[in-house]
Amino acid sequence: MLSVEEAESIIFNLVKPLDDQQDVERLDLLSASGRVLAAPVVGSRDFPHWDNSAMDGYAVRYADVSNSSPETPTLLTVVEEIPAGKPPQVEIKPGLAARILTGSMMPPGADTVVMQEETRRQGTAVEILAAPREIGEFVRYGGSFYRAGNPLLPAGIAIAPPDIAVLATAQCVQVPVYRRPKVAILSTGDELVAPGESLKPGQLVDSNQYALTAAAIAAGCEAVPLGIVPDDPGKLKQAIAQALSLADFVLSTGGVSVGDYDYVEQILTELGGQIHIKSVAIKPGKPLTVATFPPSTTLGDSASNLSRNLSRNLLYFGLPGNPVSALVTFWRFVQPALGKLSGLRDRCLPEFILAKTQQDLRAGGQRETYLWGQIQSVDSEYQFKLAGGSHSSGNLINLAQTNGLAIVPVGKKLIPAGEMVQVMWVK
Ligand SMILES: Nc1nc2c(c(=O)[nH]1)N[C@H]1C(S)=C(S)[C@@H](COP(=O)(O)OP(=O)(O)OC[C@H]3O[C@@H](n4cnc5c(N)ncnc54)[C@H](O)[C@@H]3O)O[C@H]1N2
Ligand code: MOO
Ligand SMILES: [Mg+2]
């Protein structure tokens, strides 16, 4: 069986990012929020655009006011008021000052701003009551924060609110972003019914379809939920072929273990898929199937008559049916792969922190074990609070509000309360 690290690396290497030409769309500035930037952005203007004031006060010549104090104020004639957004009209010659407001352009001749609190207005003049600390005090010089032509934002970042501010300032109103990856999701199992249907004895509500659709959307993808497929090889093959014909990634749950109705792997092989992973030493999530389909694929028998041409391998993840196993394997393996596919250059691998566990963490020792719960910030340190109740991979009830998975490594059976543990952030 593969270790978690081996599986992670195999999967990550199978993914080729979206193409920075073919897979790019241009969006209005605000629609680009949360999307992945597909090309570097370079500004064509300095920032600040011109010398301007950092304070409400008076624009002066430093040499005029460098000896000012409350006892020996300097009296200057105020020649104009410069509101923000209007260019100054008058040059500041010795003995003159201009009333200036935060963000207003500096007038020619002035080199320093004295803040209003250090002045006393006297009709058409102003008294300067304190010497500035240095020439240029409270002046924000044009180009001092950024010079036109230098890189502003690199390709491959997820566009966040501060980046939107930068794009707006650079007047980048049409933003090149990667298209959202398309993720098809299907649930397999004769026992499954949709949440809105009535349950007969032995049946179970299909929660995986909904959890994975929500998770794929949260990961920035276009999710295509394809419904429930029964444990019937013919129908399953048709449904998987259809899913493969329309998506970048396909996720299915169930049917990947050793049971009599676990057909997924066999069908993937029949459809021309190459199986890279069959199981991983992870708990929950051991029976994980990962397959690729080459760029040009005729999907199985001629009856289905489905084919597709892609610029990259198509990835199929056969996730285990148990609800916790399905989400844990999504978080641990699918989400990073989606990040790489989406064009993210970094920040796509899982983030781990060290936290002090509040409870004993127990494991079998054979597989890397992921225990769900909450990362909390207590007394300026991270702590991990294990979810109460059963840690069976069939118990999705206590998975609610999980934001962290504590990891007990292979070979360890106990991490006692109070010790530090590695925890993976999930969202
Ligand atoms: N003899 C063995 N049996 C099992 C093994 C094994 O190694 N040897 N592995 C166990 C582990 S670990 C897991 S995980 C499961 C994985 O099973 P499958 O992926 O084949 O999934 P199913 O058998 O179809 O279902 C398992 C379980 O999950 C429920 N389920 C399935 N789909 C959904 C859904 N969409 N929403 C909610 N719940 C779902 C299903 O009813 C079953 O209870 O195999 C173990 N067995
Ligand atoms: O690996 Mo299974 O996911 O423990 O129940
Ligand atoms: Mg099974």
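1. Let me start with helix α3. What covers its buried residues includes β2 (41–42), β11 (151–153) and β12 (174–178). Helices (H or I, at least four residues) and strands (E, at least two) are DSSP runs, numbered from the N terminus. A word on the basis of these notes: this is a predicted model, where local features need pLDDT of at least 70 and side-chain atom pairs count only at pLDDT 80 or more, while totals for chains, interfaces and linings use all residues. Residues are numbered from 1 along each chain as its sequence is written, chains are lettered from A and ligands numbered from 1 in the order in which they are written, and side-chain values use heavy atoms, with hydrogens and water left out.

2. Which residues of α3 (161–169) are buried? They are Asp 163, Ile 164 and Leu 167. Because these residues cover an arc of only 105° around the axis, they sit on the same side of α3; the arc is that of the directions from the helix axis to the C-beta atoms. Pro 161 and Pro 162, on the other side of α3, are exposed. Here buried means under 20% relative accessible area, exposed over 50%, and partly exposed in between (1.4 Å probe, protein chains only). Just after α3, Gln 171 has a positive phi of about 60°.

3. Now to the rings: searching the whole structure gives 3 aromatic pairs. In one of them, the ring centres of Phe 249 and Phe 317 are 5.5 Å apart and the planes meet at 45°, so the pair is tilted. Phe 249 belongs to strand β17 (residues 249–253) and Phe 317 to strand β23 (residues 314–319), so this pair links parts of the chain 68 residues apart. Both Phe 249 and Phe 317 are buried.

4. Tyr 382 and Trp 425 form an edge-to-face pair, because their ring centres are 5.8 Å apart and their planes are at 85°. Rings of Phe, Tyr and Trp (its six-membered ring) pair if their centres lie within 6.5 Å; planes under 30 degrees apart count as stacked, over 60 as edge-to-face and the rest as tilted. Tyr 382 is partly exposed at 36% relative accessibility, and Trp 425 is partly exposed at 30%.

5. Two charges deserve a look too. Lys 340 lies over the face of Phe 12, 4.8 Å from the ring centre, and Arg 99 lies over the face of Tyr 58 at 5.4 Å. The criterion is NZ of Lys or CZ of Arg within 6 Å of the ring centre and within 35 degrees of the ring normal.

6. Finally, Leu 414 lies in strand β29 (residues 414–415). Beyond neighbours within four places in sequence, Leu 414 is in contact (heavy atoms within 4.5 Å) with Asp 360, Leu 361 and Arg 362.
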